[in-house]
Amino acid sequence: MSRTRSRTSTALRHTAALVCLTALTACSGASGIDVAESDYDDGAGITAVVLPQLAAPGEDTEESSDAEYVVDATIEGASAGQVVELQVADGDDWTLEDSAETDEKGRVALTVGEASELRVVSEGDEPVGIHLSTADAPEATFTDEFDEQLKDVWATRDQGYAGVRLCSRASDDAVEWVDGVVRLSVIDDPKKGTCRVKGEKYNYRLNGHIGTGFSFRYGHAAARIKFQELRGQHGSFWMQGFGPKPTGDAKVTGAEIDVIEYFGDDHPDGGLTSFVYWHPTAKGKTAGGWLPDPEQFGGDWSSKFHVFSVEWTPKKYVFRIDGQVTNTITQGVSGQPEFLILSLLSSDYELQHLGGEDKLPQHMDVDWVKVWADPVA
């Protein structure tokens with residue numbers, strides 16, 4: 001695999017700008033929305049923030065520094081479908097970089113590469129705009145490009161043939177650093193025969209299941225992942241706190257934060273979930289679930305890389321795919337340091353869906369992981 005960055009989305013935006021310029025219709029210069037600085041009060045009627053580099057869909061591996069910054073903007077009082085543009089300073093002019101339509105809450109996510117000085121503008125009933133800079137984005141505190149330099153940071157987790165995985169266990173044999181990715185696999189266990197689940201026999205399996213010694217509290221965490229193809233196992237990027245799981249408030253006890261799980265192509269519920277688990281009582285509670293209409297964020301989870309991230313604050317979790325918000329959860333918010341986990345697990349309840357042992361091995365490739373911890377947390 002080569003670390004060459006796909007510029008397709010950026011090129012399309014610049015092409016759109018050129019068409020706009022040539023047509024001389026609703027735009028002046030190279031922007032579809034042409035508003036003068038005097039047409040709006042900076043920040044009045046609009047809020048926006050520059051998030052880290054959380055967007056990088058594509059087939060090839062690439063450096064995390066080549067991912068695009070995400071601008072999260074909200075237009076006050078806007079109805080769904082209002083056009084919002086992200087523009088880049090070009091001398092005295094503004095050049096179109098990205099555009100999107102507001103959702104029912106007036107919110108949009110826009111992306112930009114290496115540019116620094118930006119503005120977000122929209123017309124609606126009257127022009128609104130706000131000036132920003134990529135220099136405002138948080139600075140990364142942990143990055144692993146999986147080039148083996150930080151290999152010792154990761155270790156296979158202690159998960160044996162137990163619980164919901166009586167037929168599988170974690171193993172170093174199912175983890176490989178190769179061509180700029182860490183590859184987690186589900187493979188047959190060559191040292192064991194078959195196990196039985198609900199009267200059916202299956203080969204014992206080895207799972208790629210690794211965790212870091214790195215932890216943080218509050219901020220953004222992201223992983224660029226290409227998931228396994230088939231059902232029968234699920235790939236995950238998640239976090240847990242240290243030690244046992246005592247009961248009580250998640251602020252004190254911590255929580256399990258499942259940033260993303262993928263249950264394979266052609267899953268009837270779309271295949272993607274984000275969950276939070278915590279234990280106010282011994283029974284425990286969950287929040288989150290299947291992502292509704294995941295095709296709005298993509299549909300090529302096993303053939304392309306996507307960036308899956310969580311924004312974790314003292315009040316909520318915001319989950320995103322390539323910068324697009326997929327879910328917001330305000331329950332079970334951990335107040336404790338959490339460490340990163342990557343896994344491809346074959347739970348007993350999934351084995352019936354694989355369609356035969358000849359479908360193994362299955363692979364999940366992780367191009368990079370990155371954390372932007374809150375510096376004051």
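Me: Is Cys 167 buried or exposed?

Reply: Cys 167 counts as buried, because its relative accessibility is 2%; buried means under 20% relative accessible area, exposed over 50%, and partly exposed in between, with a 1.4 Å probe and protein chains only. This is a predicted model, in which local features need pLDDT of at least 70 and side-chain atom pairs count only at pLDDT 80 or more, while totals for chains, interfaces and linings use all residues. Residues are numbered from 1 along each chain as its sequence is written, and side-chain values use heavy atoms, with hydrogens and water left out.

Cys 167 belongs to a disulfide with Cys 195, the two sulfur atoms being 2.0 Å apart; the term denotes a pair of cysteine sulfur atoms within 2.5 Å. The structure holds 1 disulfide. The link of Cys 167 and Cys 195 is right-handed, with 120 degrees about the S-S bond. It joins distant parts of the chain, 28 residues apart: Cys 167 sits in the loop between β9 (154–156) and β10 (168–170), and Cys 195 in strand β13 (residues 194–197). Helices (H or I, at least four residues) and strands (E, at least two) are DSSP runs, numbered from the N terminus. Cys 195 is buried as well, with a relative accessible area of 7%.

Another buried residue is Arg 224, at 0% relative accessibility, which lies in strand β16 (residues 219–226). The side chain of Arg 224 makes a polar contact of 2.7 Å with the side chain of Asp 367. Such a contact is a pair of N or O atoms within 3.5 Å; within protein, one must be able to donate a hydrogen and the other to accept it, and residues adjacent in sequence count only if both atoms are side-chain atoms.

The aromatic residues form 14 pairs. Rings of Phe, Tyr and Trp (its six-membered ring) pair if their centres lie within 6.5 Å; planes under 30 degrees apart count as stacked, over 60 as edge-to-face and the rest as tilted. Phe 242 and Phe 339 have ring centres 5.0 Å apart and planes at 35 degrees, so this pair is tilted. Phe 242 lies in the loop between β17 (234–241) and α2 (250–253), whereas Phe 339 is in strand β24 (residues 338–345), 97 residues apart. Phe 339 counts as buried at 9% relative accessibility. The pair of Trp 301 and Phe 308 is tilted too, because the ring centres are 6.1 Å apart and the planes stand at 50 degrees. Trp 301 is buried at 5% relative accessibility, and Phe 308 at 1%. Finally, Phe 142, Phe 214, Phe 216, Tyr 218 and Trp 312 form one aromatic cluster.
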